Number of protein chains: 4
Amino acid sequence: MTQSRDFGAVEIPEIGIGMLGYAFMGKAHSNAFRKIAYMTWPPPLVPRLVAVAGRDAEAVAAAAHRYGYERSTTDWRELVSDPEIGLFDNGGPNNLHAEPTIAAAEAGKHVVCEKPLGRTADESYEIWRRVAAAGVKHLCAFNYRFVPAVRLAREMIEAGELGEIRHFRGRYLQDWGDDPSLDTWRFHPDEAGSGALGDLGAHVVDLAHFLVGDVASVSAVVRAFLPGRQVDDAIEAAVEFAGGPVGTIEATRLALGRRNSLQWEINGSKASLGFDMERLNELQVFRADGDRARGFKTVLVSEADHPFWEHWWPPGHIIGWGETFVHELHHLLTAIAENGDVAPYGATFEDGYRAAEVCDAIVRSGESGRREAIGYRIL
Amino acid sequence: MTQSRDFGAVEIPEIGIGMLGYAFMGKAHSNAFRKIAYMTWPPPLVPRLVAVAGRDAEAVAAAAHRYGYERSTTDWRELVSDPEIGLFDNGGPNNLHAEPTIAAAEAGKHVVCEKPLGRTADESYEIWRRVAAAGVKHLCAFNYRFVPAVRLAREMIEAGELGEIRHFRGRYLQDWGDDPSLDTWRFHPDEAGSGALGDLGAHVVDLAHFLVGDVASVSAVVRAFLPGRQVDDAIEAAVEFAGGPVGTIEATRLALGRRNSLQWEINGSKASLGFDMERLNELQVFRADGDRARGFKTVLVSEADHPFWEHWWPPGHIIGWGETFVHELHHLLTAIAENGDVAPYGATFEDGYRAAEVCDAIVRSGESGRREAIGYRIL
Amino acid sequence: MTQSRDFGAVEIPEIGIGMLGYAFMGKAHSNAFRKIAYMTWPPPLVPRLVAVAGRDAEAVAAAAHRYGYERSTTDWRELVSDPEIGLFDNGGPNNLHAEPTIAAAEAGKHVVCEKPLGRTADESYEIWRRVAAAGVKHLCAFNYRFVPAVRLAREMIEAGELGEIRHFRGRYLQDWGDDPSLDTWRFHPDEAGSGALGDLGAHVVDLAHFLVGDVASVSAVVRAFLPGRQVDDAIEAAVEFAGGPVGTIEATRLALGRRNSLQWEINGSKASLGFDMERLNELQVFRADGDRARGFKTVLVSEADHPFWEHWWPPGHIIGWGETFVHELHHLLTAIAENGDVAPYGATFEDGYRAAEVCDAIVRSGESGRREAIGYRIL
Amino acid sequence: MTQSRDFGAVEIPEIGIGMLGYAFMGKAHSNAFRKIAYMTWPPPLVPRLVAVAGRDAEAVAAAAHRYGYERSTTDWRELVSDPEIGLFDNGGPNNLHAEPTIAAAEAGKHVVCEKPLGRTADESYEIWRRVAAAGVKHLCAFNYRFVPAVRLAREMIEAGELGEIRHFRGRYLQDWGDDPSLDTWRFHPDEAGSGALGDLGAHVVDLAHFLVGDVASVSAVVRAFLPGRQVDDAIEAAVEFAGGPVGTIEATRLALGRRNSLQWEINGSKASLGFDMERLNELQVFRADGDRARGFKTVLVSEADHPFWEHWWPPGHIIGWGETFVHELHHLLTAIAENGDVAPYGATFEDGYRAAEVCDAIVRSGESGRREAIGYRIL
């Protein structure tokens, strides 16, 4: 972080990136770091892709070539000890979240970690506690907070435009799980922690928290459908929020025809909002404004005054799923550059931990058959 | 039922209708009886509107004039004792379902009763038991079974086109309940039994049963939002079905912007289906058929070979909500004329009772905080 | 029209209906007359179904039985001479529009005639001229003016809510024409006059006129696709409106997958509107009102203060295509009862004639390859 | 082009990029060149951003910094004479298309030029003729050919899945033109050539050609609405295609509420397709396949076997408008690398010229009021 680049009059400092993982999330994060340097202008910091770590030496070397990392390694500890790395990005499987992330933070590096933060609330709490104690910036990669439509929803809610909220109904529907021959770390309890719950449900839980507030209780069913499947394929929960709203949280990998459909609807006393990730540029907005022509608007969230849109194109020229990481990591780099707060838009490791508490409660409720109240620890 | 009308070569017997209630459901059922006589051709029986009963003498007389009933009364017992009435139609408030319906059946009249059948499972069971013992035809007016798109869904499921079903997600969303000044029998526990649960949730429960099968357990939250509201405004439930599917059942009168939105989605291993009552002519259909161009179809259920469509118009000339009653009562009249079975498309009073068991379990679960298993009594 | 029915305190006079035709339009109009008597309350006049005429004695007798006409005939002149008939409804093929309609009017009967009024502008003008001279009420059955969403659009435009209108894009898409084995009077030039143009295009032309104003010129292509097809299968036109707006008018029977899709969009300087007959309960509304959450609303036109909705159900309980005739004929009966004006919502025979001028100009332009200006005759 | 980069085992040659323009299109193209290097893998050539040219020295220098060009200049001739530049990318205003593009090609550089190729058919023909004579690769940046849904449509049509095509209805709707205070080169006839026609209509014309074939005639209206506006705000045309299809082509900057809505529908005898650029990841597909559940599918074009999708994410993780340029320029670089053909997916300068012939004919028809047949010159 001692170098910088000359951007005309301004000199923007660089920040060295160390990435753990090079597959799906590695690609998404690497792309984002590269785009931040010129699509967000001026960038808060210029990402310098220092090193990438992974298990397969040849594959990780190829990934380094592809995405432009200066070097690659099969030992994540090399990232932790690398003085040129200022930000450690953990895109590894869930069982590799805790140790490397904590180590990097304790080595003084800022950290971003993919969701779910840990495989349990306890593990997540421990990650949060030790990273927070290290005094670095931390972000749990709930990238859907950084969809423009989701942020616009948040801003409308913060401004009181929904009035009193009564309902949140959220579900994350995919359908790739219906293949008995498929094997991935996502089906192994030790590596993944849980199935659809941590993979998909955690996103719904985090958006519920981001938009409506803390989940206070869950009454849940947890189900594995495929023979031999060792993690859940689906979870279903009736939920209560602190302060009164009620609703549902669902996640499944067996909703045939739904490829990446994170849907939610929020009903307030003044307005309702709806969303579907498969149409991520759109927000459904109903306002009780007395207009005789009442109805849900399909808002194409792409106007100059819409969230994140200063980085992109003229109105109506929509963006893709990959851009959510640009927004997210831009947010983190801004917090680092300004030594400012990652909150309120987070998501911080505290948010990662809080989501894990809800996920744990869903598991408990699935087993106990009882409504499980949720307590949140603080530091 | 001694008269008949000459329809060219055929003579179609008449059936005398006695109607209890003349407001919302009275209008809907009366309209259906009148249309059956010429829109379904030839009609199974020709409805003759003999008498209508209601509490307000002047209003019920006016309703008789309007809809063409030969006489009106303020005493429903006159309907029960009227020999010219062959079918007693109960569209009164929920606390008037049991006694008149049982009395009419025991007087030998076929009976149709609005949903929910009774205010509790016990009351519903008693209605079913005594009416069944009377040996008459009985139909619980779950009219949404008679939406062409819903029937098409049922036929596809029966034909095995969905494969193994994994999920049912159903919710009935309205928004008229958010008015503290509003008063109606639907807000009085003694008259209504429950709030959104019996009014809206019962429809979802019945469709869940109709399309997927028996609900085996519910884990529910029941909530009244408005100060002083004595019935539930909303219910949220995670549910398990016999045989494995899991999902959610929801009902609310506080989903701002949703006027009559009974939505459901079913995911199977071969196909998925979706529906919204606000677009009742459409069925969403996804098939895993190997087509490279995969996606949900918006099926306009209005083809010559679609359910109920023999009564209506050329394809694409959509029908309205009111026609569901035409289909439903046509179904009942056919069963009466042929002395045949109301099942499998029902809904019989057994279906009304079974829905009540699920609703009771939702109430119990809301109170106990436990997953409540559901047992169904038989006769 | 000497009888009346007692509706409680009010006595509503009857009007005798004589119907020519009993197939598609005969069914639609007969259903409407029957429903007007109780769904619109109090009805302006009580329709009494006196007689129906058609070519096939047996079929027309059966239709009389079905729809409740007191008698049937194979000679439409009997309707014209029948003193009990106060309203002559012409639902016959296009070549039977002129003579019977004029004869009925000259016999003092009010008249409604299906569209297109005549097969040409000249024939249409003659019908209009002679019927107007007879001094009776006349309505050309452009029933789509009586869709609630269309009427709401008209009211918004009349109130200036759209500002200056720039565009009208309208198209009526069906797909049943792609069958070489199919034969119907609609394919015979002498009976139908034209193909998709008069059958479907005339509706678009009328709505263009109803919503935006007179079409001033057309630049058109007219095309028959199927071998041996003697009428047009499709027309395409670029159009100019008096006062400035420009747009397109299209009609086809070969738009595979579109069953009854009359779509239009209007763009003004303050608002835009959109519509599709396959979702006839919905109006798309965009307002330039400064809301940061801008977008097209899907307005479910079913509120208590929406057009025609006083006759129907609670909000969100949608109506069907058949109800447009209830609204249309109720409008005509009101004009007759009050001896008032059928305009501005019409459509009168003048509207029928004006549409025919545009259709003629489309034919001329198709042949000449020139932009054809349209002149409208007056009486 | 003498350097190369080591991508593991493979060495991928570099190609030097010289960009004219740094605003909207400059940003879009620069982003695409940067992403090609790692999102398409292995890239056909590695773009090296050598130099960018523009009128404002300070602004172009800033743009060079931002997007990573090695140098900047205010004289495009420096790009033409720069031996390190192998590909000249012209994103300047329309009046700067001809001279620099021809000069670059004649200097031996491959060329890509934004649409419309020239301001008239004559100018476009001259550009095509001289560039083709130079023997370099040329691409006219009709980037919407490179939307996955559009390419999928093309592949379906090529495979005969639509049968005989009857209709193409295309329109490009935007609404930013309704501002009298706005000034841009796009409103100046000398710089832009035309208004909505060349800016938006050219895209529709090209897609019509790409998907259905040559436009044979146009019958058009051309209109400027705003006082003092010197270019067209809107065009409307009825069109005939070679071989029989008919339809419409429309373009406007005054369709309030439509931000970037390039919509088209194609009706064939076996299938119909529909598209809207505001939902660019979706293709509407109707197949006449005998399925009782018939209807338009909403195909989310994001499967592994869908066009261009090998570069991106798992299914359902949608892409944005900006990625169309990645696909387009990847296509061009592939043609350069393999010395292969840019056709059939083009668009070549011949395609640019052909679109200009249609645009010219629309202008002529607007003035003459006649159907204008279109002749296409060849080299």
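**Interfaces and local geometry of the four-chain model**

A:F308 is buried in this predicted model, with a relative accessible area of 10%. The residue sits in the loop of chain A that runs between β15 (295-300) and α9 (323-338). Its backbone deserves a look as well: although A:F308 is not a glycine, its phi is positive, at about 70°. A positive phi is also found at B:N339, again not a glycine, where the value is about 50°. B:N339 belongs to the loop between α9 and α10 (349-368) of chain B. With a relative accessibility of 61%, this asparagine counts as exposed, whereas A:F308 is buried.

Two cis peptide bonds can be described next. One joins C:G346 and C:A347, with omega at about -10°. C:A347 is part of the loop that links α9 (323-337) to α10 (349-368) in chain C. The other leads from D:K115 to D:P116, and here omega is near -10°. D:P116 lies in the loop between β6 (110-113) and α5 (121-134) of chain D.

Along the way, α8(C) has a kink of about 40°, centred on C:A202. How much of this helix is buried? The count is 15 of the 16 residues, so α8(C) is largely enclosed by the rest of the structure. After the helix comes C:G213, a residue with a positive phi near 130°.

Turning to the contacts between chains, chain B and chain A meet through 48 residues of chain B and 48 residues of chain A. Together they bury about 3,800 Å², and carbon and sulfur atoms give 51% of that area. On the chain B side, the residues that lose the most area to chain A are B:R166, B:L256 and B:R371, which together account for 17% of what that side buries. Charged pairs are part of the picture too, with 10 salt bridges found across the interface of chain B and chain A. One of them pairs B:E265 with A:R258, whose closest N and O atoms are 2.7 Å apart. Several elements of chain B supply at least two residues each to the side that touches chain A: the strands β8 (165-173), β9 (215-223), β10 (234-241), β11 (246-252), β12 (261-268) and β13 (271-276), along with α10.

The interface of chain D with chain A brings 41 residues of chain D into contact with 41 residues of chain A. About 3,700 Å² is buried between the two chains, 56% of it on carbon and sulfur atoms. Within chain D, D:Y38, D:R66 and D:W313 lose the most area to chain A, and together they make up 19% of what that side buries. Across this interface there are 4 salt bridges, and 18 residue pairs are in polar contact. In one salt bridge, the side chains of A:R259 and D:E303 come together at 2.6 Å, N to O. Which elements of chain D give two or more residues to the side that touches chain A? They are β1 (4-7), α1 (24-39), α2 (57-67) and β15 (295-300). The largest share, 9 residues, comes from α1(D).

The side chain of D:E240 makes polar contacts at 2.6 Å with the side chain of C:R223 and at 2.6 Å with the side chain of D:S217. Beyond residues up to four places away in sequence, D:E240 touches C:V221, C:R223, D:V215, D:A216, D:S217, D:P245, D:V246 and D:R371.

B:L332, in helix α9 (residues 323-338) of chain B, has a relative accessibility of 0% and therefore counts as buried. Leaving aside neighbours within four places in sequence, B:L332 is in contact with B:L87, B:V111, B:V112, B:K137, B:L139 and B:V342. B:T252, by contrast, is 80 residues from B:L332 in sequence and 30 Å from it in space, C-alpha to C-alpha.

Terms used: Residues are numbered from 1 along each chain as its sequence is written. Chains are lettered from A and ligands numbered from 1 in the order in which they are written. Side-chain values use heavy atoms; hydrogens and water are left out. A polar contact is a pair of N or O atoms within 3.5 Å; within protein, one must be able to donate a hydrogen and the other to accept it, and residues adjacent in sequence count only if both atoms are side-chain atoms. Contact means heavy atoms within 4.5 Å. The bend at a residue is the angle between axes fitted to the seven residues ending there and the seven starting there. Helices (H or I, at least four residues) and strands (E, at least two) are DSSP runs, numbered from the N terminus. Buried means under 20% relative accessible area, exposed over 50%, partly exposed in between (1.4 Å probe, protein chains only). Buried area is the accessible area (1.4 Å probe) that two parts lose on being put together, summed over both.
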